[in-house]
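Colleague: Please take me closely through one part of this model. I would like the local detail, and then how the surroundings are built.

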Amino acid sequence: MNKNDLKLVLGLLVFSVFMIWLIVITKNTDQKTAKVYFENDLVLTIPLSQESKSTHKVNGFNGEVVIEVDNDKIRVVQEKSPLHLCSKQGWIKETYETIVCLPNKVVIEIEAADDVDAVIK
Amino acid sequence: MELKQNIRLSMLLALSVVLSIIESMIPFFNGYIPGLKLGLANTIILFILYSYSFKDAMYVSVLRVFLVGILRTGIFSQTFFFSLSGALLSGTAMYLTKRFTKLSIVGVSVVGSIFHSVGQVLVAIIIINTTNMIYYLPWLLLFSIPTGIIVGLISKEIVIYFEKELQN
C-alpha cells in the first residue's frame with residue numbers, strides 16, 4: 001500500500017461513514033407500512049408498529065414465501081432459493097431497509113404509513 | 001507461446017470459477033447486507049490485468065460470470081445480470097485506475113471492489129425497480145474497503161510470485 005492508496009481508503013471511509021450517519025439520523029419515526037411486491041406488483045400491504053404478531057404467505061417464483069411480522073419489524077422466514085439470502089438477512093424495520101428475494105422475485109419495502117398526512121402536519 | 005498463454009488463461013478461468021463457488025459457501029458473506037461478498041475471484045482478474053492485459057482480464061471475467069451462471073445460479077437469471085454488471089464495471093474501473101492513477105495494486109483492487117458494489121446497486125434499481133436499494137450503497141462501500149484491501153494484498157503476492165515464472 002502506498003500513500004495514494006491510503007488517501008483513497010481514508011476518503012472512502014469518511015464518505016461511507018458520513019452517508020450511513022446521514023441515513024440513520026434522517027430515519028422516519030412515523031407509522032410504517034411494509035409493502036410486499038411480486039414481479040413489481042404490490043401483493044400485500046402490512047401495517048407495522050402495532051402490538052401484533054402475524055404470519056403471511058406470498059406466492060414467489062419458486063413457491064411460497066413465508067413472511068413474519070413481529071410488532072414493528074418484518075422478516076422472511078421460509079422461501080425456496082439456492083442461497084436463502086433473504087431469509088438469512090433477518091428482521092428489517094426502517095424505511096431505508098429492503099429485503100430482496102431475487103430468485104423468488106419478491107421485494108419487501110418499508111414506507112412511512114401515510115405520506116399525505118405527514119405533508120399536512 | 002500463444003498456446004502456452006491460452007492454456008494458462010484457461011486454468012486461471014477455472015480457478016476463478018472455483019473461487020467464486022467456494023466464496024458463496026463462506027457463511028459470513030451470505031446475507032446480512034444484500035450483495036456483500038469477499039470477491040476472491042477478483043484476485044485472478046487483478047493478476048491477469050497486471051501480468052497479461054486488460055483484454056485477457058475482461059475475457060476471463062465475463063466467461064467466469066457465464067460459467068458460474070451455468071453451474072450455480074442459472075444463466076440469464078436476475079442474479080446473472082448482477083454478476084455481469086459487477087464484472088464489467090469493476091474490470092473497466094480497475095483498468096482505468098491502473099492506467100491513469102498512481103495507485104498501487106491494493107488501491108486498484110479497492111476501486112474494483114467499490115465499482116462492483118455500484119454495479120450491483122445500479123442493476124438492483126433497474127431490474128427489480130427498488131430505488132430503496134440505494135440506501136445499502138454506503139454499507140457496501142464501507143465493506144468494500146477491507147475486502148478490496150485483502151484481495152489487493154493477495155493479488156500483489158501472486159503477481160510478485162509469478163513474475164519470473166511468466167518470462168519463460
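Modeller: A:Asn40 sits in the loop between β1 and β2 of chain A. Helices (H or I, at least four residues) and strands (E, at least two) are DSSP runs, numbered from the N terminus. This is a predicted model, in which local features need pLDDT of at least 70 and side-chain atom pairs count only at pLDDT 80 or more, while totals for chains, interfaces and linings use all residues. Residues are numbered from 1 along each chain as its sequence is written, and chains are lettered from A and ligands numbered from 1 in the order in which they are written.

A:Asn40 is not a glycine, yet its phi is positive, about 70°. A:Asn40 has 11 C-beta neighbours inside 10 Å, so it counts as exposed. The cut-offs: buried is 20 or more other C-beta atoms within 10 Å of a residue's own, exposed is 12 or fewer, and partly exposed is in between, with C-beta atoms placed from the backbone.

A:Glu39 lies in the loop between β1 and β2 of chain A. Its phi is near 50°, again positive in a residue other than glycine. A:Glu39 counts as partly exposed because it has 13 C-beta neighbours inside 10 Å.

Now the strands. β1 (residues 32–38) and β2 (residues 41–47) of chain A pair in the antiparallel sense over six bridges; pairing requires at least two DSSP bridges. Two residues lie between the strands of this hairpin. A:Thr33 stands opposite A:Pro47 in β2(A).

Next, the chain around the hairpin. Chain A is divided into domain 1 (1–29) and domain 2 (31–120), with bounds from an automatic or database domain assignment. The C-alpha centres of these two domains of chain A lie 28 Å apart. Helix α1 of chain A covers residues 3–25. A:Asp5, A:Leu8 and A:Ser16 are buried in α1(A).

Then the partner chain. The contact takes 25 residues from chain A and 29 residues from chain B, where contact means C-beta atoms, placed from the backbone, within 7 Å. On the chain B side, α3 (54–73), α4 (78–100), α5 (105–127) and α6 (137–167) each supply at least two residues.

Finally, helix α2 (residues 41–51) of chain B. Ten of its eleven residues are buried, so α2 of chain B is largely enclosed by the rest of the structure. Among the buried residues of α2(B) are B:Ile45, B:Leu46 and B:Ile48.

Technical notes
Expected span 1.5 Å × (residues − 1). Contact = placed C-beta atoms within 7 Å.
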